Amino acid sequence: MLNRLCRKRFAVAVILCLTMVFSVQSGAVFADTAGDSAQNSAWNQFSKIENISDGTIRGVDFSMYQKNVEWKKEFKDYQQRPIENLMEFLKQQGVNTVTVKVAVNPSAGDLGQKNLCTLEDGIKTLKAAKAADLKTNMVLLFCDWMTDKNDQTPSKTWDGKDADAAAKAYTKDTVLAGFTKAGFTPDMITIGNNVNYNFLGYSGNDAYKGWKAMGDISGIIKDSNKDIQVGIGIAAPGDAKDSSKAEDVKWVLQELNKEWNGVQYDAVGVTLYGSYYSTEYIAALRDAFQKYEGEAKAAGKNLYVAGISFPTKDDKDTSATRDRQASQIYDVLKATVSGSNEGGLIYDNALLGWESSALVDNYGHLKKSIAAFAYGNGTKADVTEWYNPYEYGGEPGLKAQKVKIKKIDGMTKDMIRGVDVGSYKALQDAGVKFYNEEGKEEPLLKILSDHGVNSVRIRVWNDPWKHNTDGTKTTYGGGGMDSDRALELGKEAKKYGMSVTLDLFFSDFWADPTQQILPKAWKKDADDTEQLRRDYYDYTKEIFTKFKDANVPVTMVQLGNEITNGIPGAFDFDQSYTDAWGSKSKVKNRPRTACMFLNSAASAVRKVSPDTKIALQLETPNRNKYKTVMDAWEKYHVDYDVLGSSYYPFWAGRNGNKLSDLKDVQNLAKEYGKEFVVMETSWLSSSEDSDGTNNQVGKPSSYVNYKVGPQGQVDSLTDMYKVLGASYNGLGAYYWEPAWIPTVPGQHNWDKNKEISEKYGNGWAARAAEGYSPDFKMFYEEKPTAGASAWDNMGLFDFNGYMLQSLNFYKEAIGGTKAVMTVKKPTLTYNGKTQKPTVSVTIRGGKVPAKYYKLSGSTAKKNVGTYTVKATFKQEYKGVKGTVSVKYRIVPKKPAMKSLKKGRKSIKVYWKKQRAQVTGFQVQRSTSKTFKKSATKQYTVKSAKATTKKLTKLKAKKRYYVRVRTYKKVGKTTYYSAWSASKNTKTK
């Protein structure tokens with residue numbers, strides 16, 4: 001499989017994991033994430049904060065907002081419903097202020113400073129906030145990256161210039177001019193962020209220059225618009241965990257209030273760190289601010305927390321949850337408010353989705369902790385959360401979905417009801433567990449066997465390992481199925497009574513129509529076809545000897561995997577099936593060489609295990625394509641017993657994979673005297689990804705109408721087995737990877753799943769395969785695509801390992817064998833003699849010898865009518881007994897037309913007398929030689945003795961075509977003869 005690997009799909013999971021949007025599916029639950037307390041429990045403790053007012057800042061830092069708009073991220077509320085207007089939603093959650101941090105040139109930072117924004121983007125964001133009647137605050141950093149208490153380096157664009165002069169010019173000529181141009185005025189401009197006596201990089205003896213620059217900049221702002229409030233962004237004075245150090249704010253205020261500095265400010269914003277603060281310190285800082293400002297509120301000044309955030313996921317702090325995040329927001333907000341200080345807080349980096357401290361996750365889902373602002377303000381919001389289990393893990397609801405399974409005539413107990421579980425041993429190593437219908441943990445193969453699966457297909461790679469210089473080896477992934485692991489799986493299959501089919505890839509990793517790569521050990525022989533022939537023989541013999549010595553019978557072997565476009569050693573990447581097998585191949589002797597390799601491997605099978613059936617597999621059922629390949633196999637006498645085919649109805653289209661195509665290629669196999677088996681099939685249990693590696697199939701083809709889910713799986717399998725069971729050469733089918741599930745369920749755990757798959761090889765590919773597997777599979781836009789399972793939504797198990805009801809298909813759909821009676825000529829023509837129909841009885845298309853049944857009923861009849869012949873089995877034959885029947889009919893003899901006599905606008909028709917088994921005649925005349933319906937008129941002659949009919953009211957000098965037939969009424973049924981040969985003439 002993975003032959004139609006969509007490089008883009010896999011790459012999306014790696015490259016755009018921060019911006020993907022997933023649809024919501026039923027089965028999720030309304031509950032807090034793991035570690036949170038009972039739903040809403042923390043919220044019941046919140047009440048309106050005393051002295052809170054409209055002036056209290058309840059803000060969020062939305063510096064990343066325009067980036068999210070650029071990424072087309074879809075924001076969703078706590079119940080994962082799309083949010084039409086994010087700013088309006090914020091207001092409903094109690095937020096009243098939106099802040100942006102503006103860097104002079106954010107692209108100059110080492111990381112591109114994703115959490116900052118340009119002036120233009122900042123204005124766009126604040127205009128959107130103002131449109132929702134939110135207050136706006138722009139923080140000017142005067143730097144190219146995020147400033148902190150130890151680094152206030154001015155913008156690199158000002159190198160060689162006086163920093164305070166450049167900052168003042170930037171404020172007036174860039175920032176304020178930008179506001180004028182945009183027709184926008186913010187409610188507040190904050191000068192600096194986390195300043196610690198070092199604004200614009202001035203420190204030590206030059207620190208005064210920074211304070212003076214603040215004064216000048218504030219004057220420029222006030223001169224432009226006295227209604228704009230000015231904030232000053234400072235670092236927390238002293239030790240933010242020691243409330244006694246809060247008094248140090250007096251030194252900051254002393255500088256701000258020095259007359260010669262001239263700082264005109266309305267508020268002071270203090271930056272704190274979520275892991276290093278105390279509410280006691282904040283309250284003490286507030287009181288000290290009031291004390292040294294002389295009742296700040298009366299003076300029109302306010303102290304607030306300008307930047308703080310709290311993680312919801314911390315390996316060192318298991319109490320870090322969303323409820324706790326909400327409590328921390330509420331507690332800090334409360335600590336800033338008093339009777340003389342309006343206070344407030346701005347939540348830092350609210351949109352930095354890849355950080356657990358953000359108020360939104362990677363997928364655009366808002367965290368309910370935002371609503372702490374509403375609760376603090378005395379209003380409430382609905383904080384009920386709905387978690388998509390495909391994103392976070394949980395119960396998807398698939399195992400509880402009931403299915404309807406119908407018995408299938410022709411699906412016998414001896415048919416292959418198989419699975420391919422090549423990932424199983426690696427999944428075991430990674431700790432994945434499986435559960436039966438009762439929820440009890442059991443080995444995967446036991447569950448499968450107990451529910452009707454009777455065969456296991458095992459892929460075998462030559463050497464799926466990267467051999468390191470230190471003597472160790474690293475898995476390529478995909479289950480890592482070399483011959484040793486294949487034998488382990490074969491032994492377990494035997495233990496549970498299942499037959500074994502081996503799929504020899506003759507490659508070290510995935511082989512399919514897009515790639516057929518020689519094993520590393522064979523590459524030295526790439527130009528030596530005779531040595532490659534021996535390589536095929538020796539390797540196949542080695543595998544079969546290993547299984548024989550371990551007493552693990554191989555019922556069937558598949559030589560090569562999906563070899564439609566060639567096999568290793570006889571393959572080019574731009575090669576089509578006509579190049580590989582056609583009579584006009586671009587490469588001389590290419591079909592002959594490929595067939596030689598197949599025959600070499602087949603001879604090894606015949607030598608070691610002569611009873612093993614040999615199968616050859618193609619993909620995408622299409623009669624013309626398959627015939628081209630099979631003609632080559634026949635021409636070069638390839639030794640095989642079974643035609644195998646991949647059949648994936650979700651890829652159905654004009655070129656194959658429809659049920660009609662499957663039937664066509666099964667009949668084609670019959671024409672070549674071969675049995676037929678579906679080597680790979682599956683259907684979607686869900687359209688959702690559950691491990692963060694994008695699935696290969698998310699939406700099925702419009703050519704089919706099976707539902708996505710367990711019932712759709714049953715319906716798809718039912719239709720397929722109906723086709724397979726209708727013919728004696730249909731052996732059965734293998735479901736491809738029904739249990740390739742995540743190690744850690746949830747898209748949010750994509751990094752963990754990728755890490756585990758790198759170690760155990762239980763994902764579709766690991767990085768070690770780079771260099772062997774082609775780059776177009778392993779990279780997309782130069783980014784690695786290796787990851788976890790890309791097939792987890794195809795399982796007969798949910799992502800937690802619980803079996804789905806669809807697995808019961810293999811046990812409950814068995815309908816047994818059905819005999820079919822057919823008649824060679826279902827319609828006979830009356831000839832005046834007794835006639836005996838030629839009948840036969842078949843089982844799945846195979847003829848039953850006449851000695852096993854007795855005929856009765858209308859075995860011989862003379863007259864017109866419908867008759868039934870019965871066949872009763874004398875004894876049970878291949879599980880069939882009882883009686884079957886078939887109908888045949890005798891119709892009147894067609895008349896012989898003698899002549900046409902033309903007249904003026906008329907024609908007289910003559911035919912020979914015919915009276916036996918005739919009730920009357922029908923005559924047709926037409927201006928169309930082919931008697932098109934629109935040009936034809938029909939006449940009925942209700943007399944068995946009639947031999948003529950005059951056709952009148954015709955057009956003059958017009959040519960007409962005429963024919964006649966007989967009819968006979970028997971009871972309520974009318975039987976018609978065939979039409980006579982037509983004659984034509986032109987009217988007078």
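How much space lies in the second largest pocket?

**View 1. The second largest pocket of the predicted model and the residues that line it.** About 520 Å³ of space lies in the second largest pocket, and of the 24 residues that line this pocket, Thr412, Asp414, Tyr728, Leu731 and Arg844 are the closest to its centre. Three strands, E15 (499-504), E20 (730-736) and E26 (846-847), each supply at least two residues of the lining, and the largest share, three residues, comes from E20. Sorted by class, the lining of the second largest pocket holds nine nonpolar residues, nine polar residues and six charged residues.

**View 2. Strand E8 and the strands that pair with it.** Strand E8 runs over residues 302-308 and is mostly covered, with seven of its seven residues buried. E8 pairs in the parallel sense with strand E7 (residues 267-271) over five bridges, and Gly307 of E8 is the bridge partner of Thr271. E8 also pairs with strand E9 (residues 344-347), again in the parallel sense, but here over two bridges; Val305 stands opposite Leu345 in E9.

**View 3. The largest cavity and its lining, to which E7 and E8 contribute.** In the whole structure, a search finds six cavities of 30 Å³ or more, and the volume of the largest cavity is about 70 Å³. Its lining is made up of 14 residues, of which Val139, Thr190, Asn193, Tyr304 and Ala306 are the closest to the centre of the cavity. Two or more lining residues come from each of strand E3 (97-102), strand E4 (135-140), strand E5 (188-195), E7 and E8, and E5 gives the most, with four residues. By class, the lining of the largest cavity divides into four nonpolar residues, nine polar residues and one charged residue.

**View 4. Strand E28, with its alternating side chains and its two pairings.** In a regular strand the side chains alternate between the two faces of the sheet.

View 5. Gln401 counts as partly exposed because its relative accessibility is 33%, a value between the 20% under which a residue is buried and the 50% over which a residue is exposed. Leu256, by contrast, is 145 residues apart from Gln401 in sequence, and the two are 68 Å apart in space, C-alpha to C-alpha.

Methods
Residues are numbered from 1 along each chain as its sequence is written. This is a predicted model: local features need pLDDT of at least 70, side-chain atom pairs count only at pLDDT 80 or more; totals for chains, interfaces and linings use all residues. Side-chain values use heavy atoms; hydrogens and water are left out. Buried means under 20% relative accessible area, exposed over 50%, partly exposed in between (1.4 Å probe, protein chains only). Two strands pair if DSSP finds at least two bridges between them. On a 1 Å grid over the protein atoms alone, a cavity is a set of points where a 1.4 Å probe fits but cannot get out, and a pocket is an open set with protein on both sides within 12 Å along at least five of seven lines; lining residues have an atom within 4 Å of a point. Grid points are joined across faces, edges and corners, and a volume is the space filled by probe spheres set on the points. Ala, Val, Leu, Ile, Met, Phe, Trp, Tyr, Cys and Pro count as nonpolar, Asp, Glu, Lys and Arg as charged, and the others, Gly among them, as polar.
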